[in-house]
Amino acid sequence: MQEFPRCRIGAKARPRLRRMALQAAGVILWLFASFAAFCQGIPFTQNFDKHQYRGGTQNWAITQDDDGIVYIANNKGLLEFDGKSWRITPVDNQTIIRSLALGKHSRIWAGAQSEFGYFEPNSKGILTYHSLRNLLPSPPIADVWRIAIADDHTPFFQTSKLIFSIKGTTTLKPFHSISTFVFLGKANGRILAQDIQAGLMEWTTGDSLKVIAPPPPKFGIISSLLPWSKDTILITTQNGYLWALSGNQISPWQTEADDFLLKNRIYTAAVLADGKLALGTSQGGIVILDRQRKPFVFLNKKNGLQNNNILSLFTDRQGNLWAGSDNGVDYILVNSPFSFLLPDGDLEGAAYCANLDGPWAYFGTNNGLYATPLPPDKILAHSAFSLVQSTQGQVWGISKVNQDLFVGHHDGPYRLSHPLRADLIGYFTGPWTYMEIEGHENLMLVGAYHGLHLFQRKDNTWQIIKSYPEFNQESCRILAMESPHILWIAHPYRGIYRAEFSPDFLDLDVSFFNSRNGLPSDISNYVYKIGSEILFTTEKGILTFDDLKGAFEPYPLLNDFFPSPGSVKYLHEGSNGEIWFVAGDEVGYLEVSQHKPTRKYQKRTIPFLKGKILSGFEFILPYGPHHVLFGTDRGFIFYNRKSKPNRPPGVLLRDLSFSSPKDSLLATERKHQFLRSISNAPVTFKRKENSFKFGFSLPWYGQHERIEYAYLLEGLDTHWSEWSEKTEKEYANLSPGTYSFKVKARFSEFEETPPSVYRFRIAPPWFATKLAYLLYFLLAAGILGYLVIAPKQRFEREKEFLTTEHQRKEEDHRRRTEAAKLELDRVKQEKLQAEIDYKNKELASTTLHLLQKGEILHKIQDDIQRIARTCSEPDTRKDLLSLTKVLAQDAQLDADWGQFAQHFDQVHSEFLRRLRERFPELTPRDQKLCAYLRMNLSTKEIAPLLNISVRGVEISRYRLRKKLHLEKDANLTDFLLTF
């Protein structure tokens with residue numbers, strides 16, 4: 001077998017390892033009895049880069065106000081963060097802010113380059129900078145590196161040559177350095193400064209700086225002061241040393257991390273909520289020491305930080321740690337119920353299994369099985385992990401069977417014969433899991449890639465005694481033992497097997513279930529043992545098996561918690577009877593709310609774990625009374641269910657503005673006036689100021705919980721809105737009246753903040769005010785009195801008016817009747833004239849038709865006569881001549897034309913008469929041509945009427961233009977139509 005150098009154990013080391021194991025086993029019971037709330041692994045870190053907060057890279061100081069809003073001294077100004085949005089406010093000279101300190105009344109003191117002053121909210125709650133640099137004498141000061149606030153709220157500012165205090169905002173008192181001031185700070189109520197030559201100095205009640213201790217050897221430049229106990233202040237120096245100040249005595253304060261600190265230097269420090277010590281270094285990130293001065297965890301770029309050069313540290317009200325670095329801001333969730341662990345280091349492999357039941361902790365990943373001695377406090381954040389020998393590669397599981405630990409490895413079954421060595425106990429690949437058989441301590445079942453195997457222990461060794469042929473080609477990964485002789489095996493892509501063993505376990509009877517005999521489908525079927533019951537998760541929900549009926553049935557006790565059938569992929573029972581589950585992306589547990597007479601559950605989800613669990617190979621390990629371990633696609637996650645962080649008192653109103661006629665900021669909240677406004681008079685707005693936009697947020701930092709909001713506008717809404725992550729609400733065109741805007745937040749289905757309230761009033765228009773209503777009353781009373789005093793006068797006036805009105809109406813009716821009669825006569829005359837005109841037009845049309853007919857008959861007569869003259873047969877000629885006489889009787893062309901001309905003039909306003917008078921030289925043929933053109937006939941239509949060819953018509957038109965004296969570009973037809 002391959003040997004791994006860091007796992008090689010010599011014979012001399014084995015007794016020492018055995019002693020270590022016995023010592024660890026001796027404290028294991030104590031560990032479970034007194035398990036404190038702590039971060040098991042490496043804390044999660046939320047990163048904010050300069051693009052997110054829209055500022056500069058370096059962040060020099062951090063503080064937080066009473067409402068939980070965080071402020072950061074940045075290269076480009078003061079950063080403000082409320083958990084939802086970032087804002088930045090520069091100082092007057094636009095320089096780097098080096099120092100911050102929180103004063104009273106929401107005042108934030110700030111020091112910058114050649115600049116100092118304070119930020120304070122204006123009347124609208126908007127943070128505004130007020131410079132005080134005009135109080136300083138010339139020449140201009142350099143950077144203000146530190147600020148300390150005395151117990152009487154007096155601020156002290158430190159530059160390299162000067163420390164000065166401010167009384168109010170008008171009086172400055174300077175303290176000059178002996179050589180150079182390099183530090184100013186406060187701890188345990190004491191304000192201390194360091195002069196590089198004089199040593200440690202303290203501000204006294206007599207408004208003076210007094211030297212209290214010269215610098216001891218290797219003291220260096222102070223980087224921070226920390227309250228450690230009632231009478232002890234910890235001092236960190238930039239050269240990496242820690243010192244304890246008791247009274248006026250300075251002594252070294254050694255830790256187990258001294259080598260690391262001397263190498264990487266200490267630039268800043270902070271005390272955590274649980275008393276641990278966080279030290280920020282210039283090169284190595286952050287190290288957190290516990291109260292015993294031992295390293296608790298090292299934080300750097302490899303496990304979450306953006307930069308290893310830490311410029312500032314601050315512990316917020318949630319107990320978590322803010323770190324301002326040389327390039328960005330990091331929020332370290334040291335007080336979160338969640339932490340993570342990467343036992344394989346930089347490999348960051350997927351996590352499949354773990355075992356913490358013993359003096360050693362084991363973690364299985366796709367890179368191998370890793371082990372570390374379990375510390376007495378069970379904190380693994382700074383543990384050194386070793387790869388268990390022979391386990392490099394994919395590890396599927398680690399199981400404890402009758403006090404032995406077995407490893408499910410891709411290469412085969414292994415047994416841990418030593419904490420850091422595994423021995424092969426069988427020659428088949430891919431054991432998934434190992435199961436002990438109740439009542440049979442020397443037997444165990446092993447499910448593998450290709451089958452189910454029975455192992456027996458003989459002389460402290462395990463050997464295969466049976467491989468069941470019924471499962472030679474089946475993967476046996478998901479197993480649940482109903483009883484010592486009944487085993488359920490689920491195959492997610494085929495179905496479910498029920499194996500019943502013989503008394504000696506050498507034979508078995510197998511029943512198979514799929515979509516054809518009881519299951520909803522062939523896929524997505526899993527089996528788990530919860531308590532004494534065997535449960536099946538399928539595409540149609542959770543089922544149980546009824547032995548009497550031989551059929552699967554729904555399990556309503558749990559199905560009601562999962563409305564999406566088929567979403568449940570994993571179930572695991574915890575030590576307290578709770579049921580852990582993975583359903584789709586949702587991860588959580590069903591907490592037992594009632595044991596008797598029937599068991600009932602409450603569903604608890606964990607939004608932080610959404611989408612993080614390794615899909616298809618879900619792993620959840622509850623251990624201890626309140627702790628749970630989860631396998632993810634990148635290491636393990638620890639969860640402390642007992643952790644109860646400090647919750648904010650309520651939601652903050654961050655923006656209140658008019659949404660019409662244009663957005664204009666009205667107010668933002670400072671010192672939580674939003675909550676207290678319920679006891680104050682409502683703010684009054686004008687009638688036209690009736691459209692509002694509320695912006696709100698909860699100063700809750702970190703992403704381990706999903707924050708949802710609900711709101712209600714009393715006076716308009718009748719019930720609370722649905723829960724959502726939306727942090728804005730608009731109301732438009734509100735009616736006059738008094739309103740109360742309420743908003744609350746929740747962290748889970750069972751934990752809500754108290755409602756925050758903002759009361760306001762929209763004034764009515766002038767015509768709806770009290771004064772207007774008084775005027776309306778007086779006017780109504782006057783009108784009523786008038787109606788009572790003068791009813792008869794009004795009656796007489798109305799009677800006279802009605803009589804006059806009646807007479808006027810009769811006269812109007814008479815006039816309208818006469819006018820209607822005249823109008824009727826006119827209409828009749830117009831109708832008769834229209835009928836006459838129509839008849840004239842009809843007669844003219846008929847006459848024209850007869851004229852055309854006559855011309856045609858005349859042409860026929862001429863043709864017959866011509867034929868008769870050339871005909872050689874006398875009889876035929878005689879008949880033709882007789883026919884011409886008949887036609888001659890009807891050929892009266894001239895009479896017909898005269899009649900046509902008469903009617904044509906009647907229809908066309910004496911057209912031919914006027915034409916003859918103006919142009920007397922026109923011939924009858926010309927007049928006919930003019931009449932036909934006036935009728936808008938074409939050349940082809942005119943030719944047969946004039947008994948000439950088309951060419952003849954065109955020649956006639958040409959001659960007619962000359963007789964009418966028309967210009968070359970004039971249109972003949974248009975002229976005649978308008979003549």
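## Cavities

The second largest cavity has a volume of about 30 Å³. This is a predicted model, and it holds 2 cavities of 30 Å³ or more.

The lining of the second largest cavity consists of Gly541, Ile542, Asn559, Phe562, Ser564, Pro565, Gly566, Ser567 and Val568. By class, 4 of these lining residues are nonpolar, 5 are polar and none is charged.

## Pockets

The largest pocket contains about 1800 Å³ of space. Its lining has 49 residues, and those nearest its centre are Ser399, Thr433, Tyr434, Tyr570 and His572. Several strands each supply at least two lining residues, among them S31 (351-355), S35 (395-401) and S39 (431-437). The lining of the largest pocket has 28 nonpolar, 10 polar and 11 charged residues.

The second largest pocket has a volume of about 1000 Å³. It is lined by 35 residues, and Ile62, Leu100, Ile147, Lys186 and Phe314 are the closest to its centre. Strands that give two or more residues to this lining include S3 (59-64), S7 (97-102) and S11 (146-149). The lining of the second largest pocket divides into 23 nonpolar, 9 polar and 3 charged residues.

## Helix H11

The buried residues include Leu929, Cys930, Ala931, Tyr932 and Leu933. Asp926, Lys928 and Arg934 in H11 are also buried. Asn936 follows H11 and has a positive phi, near 65 degrees.

## Surface patch

A nonpolar patch on the surface is formed by Trp766, Phe767, Leu771, Tyr773, Leu774, Leu775, Tyr776, Phe777 and Leu778. Together these residues have about 1100 Å² of accessible area. Leu775, one of the patch residues, lies in helix H6 (residues 770-789).

Technical notes: Residues are numbered from 1 along each chain as its sequence is written. This is a predicted model: local features need pLDDT of at least 70, side-chain atom pairs count only at pLDDT 80 or more; totals for chains, interfaces and linings use all residues. Side-chain values use heavy atoms; hydrogens and water are left out. Patches are made of residues with over 30% relative accessible area and no salt bridge: like charges are joined within 9 Å, nonpolar side chains (Val, Leu, Ile, Met, Phe, Trp, Tyr) within 5 Å. Accessible areas come from the Shrake-Rupley method with a 1.4 Å probe; for residues, only the protein chains shown count as cover. A salt bridge is a side-chain nitrogen of Lys or Arg within 4 Å of a carboxyl oxygen of Asp or Glu. Helices (H or I, at least four residues) and strands (E, at least two) are DSSP runs, numbered from the N terminus. On a 1 Å grid over the protein atoms alone, a cavity is a set of points where a 1.4 Å probe fits but cannot get out, and a pocket is an open set with protein on both sides within 12 Å along at least five of seven lines; lining residues have an atom within 4 Å of a point. Grid points are joined across faces, edges and corners, and a volume is the space filled by probe spheres set on the points. Ala, Val, Leu, Ile, Met, Phe, Trp, Tyr, Cys and Pro count as nonpolar, Asp, Glu, Lys and Arg as charged, and the others, Gly among them, as polar. Buried means under 20% relative accessible area, exposed over 50%, partly exposed in between (1.4 Å probe, protein chains only).
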